[in-house]
Amino acid sequence: MRNNFRRTRLLAAAVALMAVAVGCSRADSNEQPVAATDKGLATELRLGYFPNVTHAAALVGLDQKLFAKELGSTKLVPTKFNAGPEAVGALLGGSLDASFIGSGPAINAYAKSNGEAVRLIAGTTSGGAQLVVKPTITKPEDLVGKTVVTPQLGNTQDVSLKKWLSEKGLTGKVKVTNLENAQTLDAFKKGDVDAAWLPEPWSSRLVLDAGAKVLLDEASLWPDGKFPTTVLIVRTQFLQEHPQTVKALLTGLVAAIDFSTKDEAAAKKVVNAQLLELTGKALKPAVIDRAFDNITITADPVAAQFPQLAKDQVTAGIAKQAPNVSGFADFGPLNEVLTKAGQPTVDAAGLDKK
């Protein structure tokens, strides 16, 4: 009995020593932590979106319950935002899992986390942003000494405006301020602001409801008029832990895009109903018609433009150096969904490689 007990103690000691040795060898190595693994379907998906026509696919997906249908047992928790930087804060703070968002804040979210926290997984809208001005303003130089509004500091339109002002030699000669879109409309009507660079439907509202005119359509600044206005990003950890949930979200998105492009009249009604619910006011038929004319609802994120968008942040004075967007995209899940739906896949244009 004593010999057996002694042998047992010696064996336990040997096992303990082996464990310590293994632990030390791991600690001494430069081995990277194991990436988060698939944990199955998420209990809930917290999804950000904006009450804008440029978020039409998101609004259709929510209204028609296309996301909820695909998510099944995963609870969908939609959260409304007014501008991209707010959504970025929620994503990086861990209180949001995915968000429809402008391309500028999407890049910022990636850059702020050193390329770790978020991934670009789909596009939703191309186009739909304009610089609208008082009728007396007929050329860029007329903006000297005037007040121009964007939705929020560092948002997609804010970067676009400041880059454009820089190229026109107007940096520091124009007062740029930030207001929520509804406040911009009121301020323009009162004459407190002279111009605004806005997404749809707000550029159309200023034109049709407040007497503004278009000085510049941002589409004219991009090849073939295509640039990513709204995209879909997701927390990297969520994507790694719940890939099937992300794929379900993308399946709902593709269904929402199909709904919007195959029956535009129905899509307009749905979007307007959502805007009424979210903002308390529906758009006039002429406004929503004009807004839809200026956008393209598509899953293509126009990935080839992201390196230029990153450089634009420097030109706009938002960043000291252009964020590195290499590795930002993961279109694998989206392309699986598109292939299954018999639709063309999207091109990552190298944005998926570090």
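This is a predicted model: local features need pLDDT of at least 70, side-chain atom pairs count only at pLDDT 80 or more; totals for chains, interfaces and linings use all residues.
I started with Asp97 and Arg235, whose side chains meet in a salt bridge at 2.6 Å, N to O (a salt bridge being a side-chain nitrogen of Lys or Arg within 4 Å of a carboxyl oxygen of Asp or Glu). Asp97 sits in the loop between helix 4 (84–92) and strand 3, and Arg235 in strand 10 (residues 228–235), so this pair ties together parts 138 residues apart in sequence. Helices (H or I, at least four residues) and strands (E, at least two) are DSSP runs, numbered from the N terminus. I checked burial too: both Asp97 and Arg235 are buried (buried is under 20% relative accessible area, exposed over 50%, partly exposed in between, with a 1.4 Å probe and protein chains only). Arg46 joins Asp97 and Arg235 in a network of salt bridges.

Residues are numbered from 1 along each chain as its sequence is written, and side-chain values use heavy atoms, with hydrogens and water left out.

Next I looked up the salt-bridge total, which is 15. Lys39 pairs with Glu241, closest N and O atoms 3.4 Å apart. That one links distant parts of the chain, 202 residues apart: Lys39 is in the loop between helix 1 (2–28) and strand 1 (44–49), Glu241 in helix 9 (residues 236–241). Lys39 is exposed at 56% relative accessible area, whereas Glu241 is buried at 12%.

I also picked Glu336 with Lys247, at 2.5 Å between the closest N and O atoms. Glu336 is in helix 14 (residues 332–340) and Lys247 in helix 10, so the bridge ties together parts 89 residues apart in sequence. Glu336 comes out partly exposed, at 46%.

On to helix 10 (residues 243–262) itself: helix 2 (residues 56–63) packs with it at about 105°, axes 8 Å apart. That makes the two helices roughly perpendicular (65 to 115 degrees counts as such). Ala57, Val60 and Gly61 of helix 2 meet Leu253, Ala256, Ile257, Phe259 and Ser260 of helix 10, contact meaning heavy atoms within 4.5 Å.

Last entry, Ser99, which I found in strand 3 (residues 98–102). At 0% relative accessibility, Ser99 counts as buried. A polar atom of the Ser99 side chain lies 3.4 Å from the backbone oxygen of Gly48. Leaving out residues up to four places away in sequence, Ser99 touches Leu47, Gly48, Tyr49, Ala87, Leu91, Val231, Leu232 and Ile233.

Notes. Axes are lines fitted to C-alpha atoms, for helices over the stretch in contact, and angles run from 0 to 180 degrees between N-to-C directions. Angles under 35 degrees count as roughly parallel, over 145 as roughly antiparallel, 65 to 115 as roughly perpendicular and the rest as oblique. A polar contact is a pair of N or O atoms within 3.5 Å; within protein, one must be able to donate a hydrogen and the other to accept it, and residues adjacent in sequence count only if both atoms are side-chain atoms.
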